[in-house]
Amino acid sequence: MLRGIKPMTMFSDIVGREPECVLRYLRLFDRHVDAGRFERRIIDEPVPLRPDWQSRRIFYTLPGEAWRIDAMSELITHYGGWTNDHERSFGMLLGYEDWQNDIWLDRHPVGG
């Protein structure tokens with residue numbers, strides 16, 4: 001992201017149960033938010049089968065790329081089966097190129 005190649009990253013965990021290594025990464029990313037190089041959005045949601053837990057997704061984007069967060073949130077909460085097309089859209093929103101998504105799907109086909 002610092003080189004402007006990838007427009008977005010996402011972290012996902014359970015609030016209060018994040019490993020220390022993840023918290024270190026978040027602090028590093030937050031420094032860039034504070035400096036105005038990245039934008040951040042945090043989305044907390046209840047965990048359906050564990051009402052005592054909260055799921056947290058933290059998105060970081062380059063300035064002007066926040067639209068990707070809404071698109072990713074919609075994709076993630078999609079109801080129905082997850083397909084290779086969904087997986088490709090996921091990669092595209094993170095900034096992976098078609099050839100990179102092709103390799104990923106060849107190695108990790110949905111349902112395969």
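**Reading a helix and a sheet**

Tutor: In this predicted model, Thr83 caps the N-terminal end of helix H3, with a side-chain oxygen 3.2 Å from the backbone nitrogen of Asp85.

Student: Which residues does helix H3 span, and which of its residues are buried?

Tutor: Helix H3 covers residues 84–94, and its buried residues are His86, Glu87, Gly91, Leu93 and Leu94. Buried here means under 20% relative accessible area.

Student: Why do the buried residues of H3 line one face of the helix?

Tutor: First the general idea. An α-helix has 3.6 residues a turn, so residues three or four places apart point the same way. Now the case here. Viewed down the axis of H3, the buried residues lie within an arc of 160°, so they line one face.

Student: What covers the buried residues of H3?

Tutor: The cover includes strand E1, helix H2 (67–76) and helix H4 (98–107).

Student: What comes just after H3?

Tutor: Gly95 follows, with a positive phi of about 105°.

Student: How many bridges pair E1 with E3?

Tutor: Seven bridges join E1 to strand E3 (residues 50–61), in the antiparallel sense. As for facing residues, Asp13 stands opposite Arg56 in E3.

Conventions:
Residues numbered from 1 in each chain as written. Predicted model: local features only at pLDDT ≥ 70, side-chain atom pairs only at ≥ 80, totals over all residues. Heavy atoms only, no water. Pairing = 2+ DSSP bridges. Helix = DSSP H or I, 4+ residues; strand = E, 2+ residues; numbered from the N terminus. Buried < 20%, exposed > 50% of the residue type's maximum accessible area, 1.4 Å probe, protein only. Arc of directions from axis to C-beta. Contact = heavy atoms within 4.5 Å. Polar contact = N/O pair within 3.5 Å; in protein donor to acceptor, adjacent residues only side chain to side chain.
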